[in-house]
Amino acid sequence: MPSLAPSLRPSGPRYDGAYTVFLPGPPFSRAELHAMPVDGVLRRELLAAHVHASQPVTDSLRAVVLSRVVPGNLQRRGVMGRLGAAWFYRCAPEPSPLPVLVDKGARTTATVPPGIVLHQTSLAPEDVVTLHGISLTTPRRTATDIALYVPGPAGDAALLALMGASRLRCAPEDVRHDLETMPKTPGRRAALTRVRKLSRGMDESAPA
């Protein structure tokens, strides 16, 4: 793995097509990594993971970052979800903590490192997609989960971004349908009302 010399200045390193993720430890301490974004050398991508400041944000880059910050046992048993999946889809800022969903049928007693939180839930095969080796909830499942479990402005903003991104195929009517047809779930009616309200706002702001 190529290293980044401490003497480099903002004008020095340039993205060369390789994905290099820096975490606290050799060759850089946490304090050194914290200082480098100020100098424009690196940027913090997720938790303590840093990348070259000139690297473009792509799905493949975010998958590599996730593979470095989420322990292997959680990657095998868990799925990135809620605001974590929305972050991957570039529809939300970095979540804190990073939510990992674990199916109720696959209980784990794994130690969860700082910055990550586990949520037990039910996951159907059609709710999960694997992109660049990382398992995460589909945009539609992500949207329904956020509508149900992520209140406030952060959840509203992520919902609007997910439903408004045509590339994700997560239209408001699809999210409403998923909420309407899901088994009886606490908070489902409130989530449905929320999605309808946000959908009306999207319709009103759409160009005539």
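Guide: Begin with burial: a residue counts as buried when its relative accessible area is under 20%, as exposed when over 50%, and as partly exposed in between. Keep in mind that this is a predicted model. With that cut-off, helix H5 (residues 139–149) is mostly covered, since nine of its eleven residues are buried.

Visitor: Which residues of H5 are buried?

Guide: The buried positions in H5 are Pro139, Arg141, Thr142, Ala143, Thr144, Asp145, Ile146, Ala147 and Leu148. For the background, 42% of the 208 residues of the protein count as buried.

Visitor: That list has charged residues in it. How far apart are the closest N and O atoms of Arg141 and Asp145?

Guide: The general idea first: an α-helix has 3.6 residues a turn, so residues three or four places apart point the same way. In this structure, Arg141 and Asp145 both sit in helix H5, four residues apart, about one turn of the helix. Arg141 forms a salt bridge with Asp145, and the closest N and O atoms are 2.9 Å apart. Arg141 has 11% relative accessibility and therefore counts as buried. Asp145, with a relative accessible area of 3%, is buried too.

Visitor: What does Arg140 form a salt bridge with?

Guide: Arg140 forms a salt bridge with Asp174, where the closest N and O atoms are 3.9 Å apart. This pair links distant parts of the chain: Arg140 belongs to helix H5 and Asp174 to helix H7 (residues 172–181), 34 residues apart. Arg140 is partly exposed, at 28% relative accessibility. Asp174 is partly exposed as well, with a relative accessible area of 23%.

Visitor: How many salt bridges does a search of the whole structure find?

Guide: The search finds ten. One of them is between the side chains of Arg196 and Glu180, at 3.2 Å from N to O. That pair also links distant parts of the chain, with Arg196 in helix H8 (residues 188–205) and Glu180 in helix H7, 16 residues apart. Arg196 has a relative accessible area of 37% and is partly exposed, and Glu180, at 41%, is partly exposed.

Visitor: Now the aromatic rings. How many aromatic pairs does the structure hold?

Guide: A pair of aromatic rings is described by the distance of the centres and the angle of the planes. The structure holds two such pairs. In one, the ring centres of Phe22 and Phe28 are 5.9 Å apart and the planes stand at 65°, so the pair is edge-to-face. Both Phe22 and Phe28 are buried. In the other, the rings of Phe88 and Tyr89 have centres 6.0 Å apart and planes at 90°, so this pair is edge-to-face too. Phe88 and Tyr89 are both buried.

Visitor: On to the strands. In which sense do E6 and E7 pair?

Guide: In a regular strand the side chains alternate between the two faces of the sheet. Here, strand E6 (residues 128–131) pairs with strand E7 (residues 134–137) in the antiparallel sense, over four bridges. Leu131 has Ile134 in E7 as its bridge partner. The hairpin of E6 and E7 has two residues between the strands, and His132 there takes a positive phi near 50°.

Visitor: And a loop residue: where does Val112 lie?

Guide: Val112 lies in the loop between strand E4 (98–103) and strand E5 (116–121). At 30% relative accessibility, Val112 counts as partly exposed. Apart from neighbours within four places in sequence, Val112 is in contact with Val117 and Leu118. Val112 and Pro71 are 41 residues apart in sequence, while their C-alpha atoms are 8.5 Å apart in space.

Visitor: How many helices and strands does the protein have?

Guide: The protein has eight helices and seven strands. Of the contacts with a separation of 6 or more, 53% are between residues 24 or more positions apart. The accessible surface comes to about 11100 Å², and 54% of that belongs to carbon and sulfur atoms.

Notes
Residues are numbered from 1 along each chain as its sequence is written. This is a predicted model: local features need pLDDT of at least 70, side-chain atom pairs count only at pLDDT 80 or more; totals for chains, interfaces and linings use all residues. Side-chain values use heavy atoms; hydrogens and water are left out. Buried means under 20% relative accessible area, exposed over 50%, partly exposed in between (1.4 Å probe, protein chains only). Contact means heavy atoms within 4.5 Å. Two strands pair if DSSP finds at least two bridges between them. Accessible areas come from the Shrake-Rupley method with a 1.4 Å probe; for residues, only the protein chains shown count as cover. Rings of Phe, Tyr and Trp (its six-membered ring) pair if their centres lie within 6.5 Å; planes under 30 degrees apart count as stacked, over 60 as edge-to-face and the rest as tilted. A salt bridge is a side-chain nitrogen of Lys or Arg within 4 Å of a carboxyl oxygen of Asp or Glu.
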